Amino acid sequence: MDNKATIWAIVPAAGIGTRMQADKPKQYLALGSGTVLSHSLQRLASHPAISGIIVALAEHDPWWPTIEQNYPCPIITTIGGSTRADSVLYGLQTLATQTEDAWALVHDAARPCLRHSDIDKMLSILLPHPVGGILGMPVSDTMKRVNVDGTIINTVSRDGLWRAATPQLFRATALQQALISAKEKGQQVTDEASAMELSGHQPLMVAGHADNIKITLPQDLALAEHYLQQQEKV
Ligand code: CTP
Ligand code: MG
């Protein structure tokens with residue numbers, strides 16, 4: 001294991017939460033004693049292996065100053081882009097001004113229930129790995145491919161199918177290159193692993209807990225609240 005590895009978290013938080021249909025971006029909605037974003041940041045900042053966090057915010061974000069600002073590691077903000085991939089790329093460019101040769105642990109602002117045990121598992125499996133990898137879960141439902149009119153075309157085999165979550169852990173410079181290369185070629189990437197895959201790398205999938213949900217729809221907030229309470233009981 002690379003015991004001397006420097007690890008920074010990159011948190012894309014520049015989205016507007018269209019599907020959430022709230023009066024502000026979902027990362028700023030109340031959750032437990034804080035907000036969705038403050039929980040996500042706290043989970044990362046309180047992990048002893050994480051040296052600092054770069055948060056990518058929307059330009060002129062009026063909500064950031066209103067949320068918790070006290071975390072047990074340095075937090076640097078930067079301006080995000082019009083896609084998640086751009087927000088992560090700008091975060092990595094900011095990271096490059098802070099430290100060389102770091103690992104970037106990219107984590108969605110909208111996943112406030114991340115467990116320290118899942119970060120530990122990722123670090124022990126991925127820091128010795130030549131590429132890095134991501135947290136995910138095997139799919140458990142029967143999978144169907146469906147037409148735009150709702151007609152089922154066929155049943156897709158579940159074998160080897162996983163849902164990609166975050167964190168996603170890669171060497172910062174390699175990930176930055178992969179994201180730039182995807183952008184230059186006009187390839188849309190919805191996670192960091194897909195940028196790495198398009199650059200010819202083979203990231204690893206690490207099985208995480210199913211309670212690491214991404215808050216996307218209105219009903220997800222109550223579920224996250226429930227998971228946070230359950231986690232406190234353990
Ligand atoms: N994100 C970002 N920059 C963007 C778009 C998304 O930093 N231009 C961030 C979001 O803030 C979120 C994460 O990427 O933390 C995952 O994106 P998603 O769940 O799709 O959030 P939104 O794009 O805000 O939601 P929606 O797609 O419903 O609009
Ligand atoms: Mg989105």
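Reader: Which backbone nitrogen does the side chain of E68 reach?

Author: In this predicted model, the side chain of E68 reaches the backbone nitrogen of N70 at 2.9 Å. A polar contact is a pair of N or O atoms within 3.5 Å; within protein, one must be able to donate a hydrogen and the other to accept it, and residues adjacent in sequence count only if both atoms are side-chain atoms.

Reader: Is E68 buried, partly exposed or exposed?

Author: E68 counts as partly exposed because its relative accessibility is 41%; buried means under 20% relative accessible area, exposed over 50%, and partly exposed in between (1.4 Å probe, protein chains only).

Reader: What lies 2.6 Å from an oxygen atom of ligand 1?

Author: That is an N or O atom in the side chain of K214. An oxygen atom of ligand 1 is also 3.2 Å from a polar backbone atom of I16, and one is 3.2 Å from a polar backbone atom of A109.

Reader: What conventions apply here?

Author: Residues are numbered from 1 along each chain as its sequence is written, while chains are lettered from A and ligands numbered from 1 in the order in which they are written. The model is predicted, so local features need pLDDT of at least 70, side-chain atom pairs count only at pLDDT 80 or more, and totals for chains, interfaces and linings use all residues; side-chain values use heavy atoms, without hydrogens and water.
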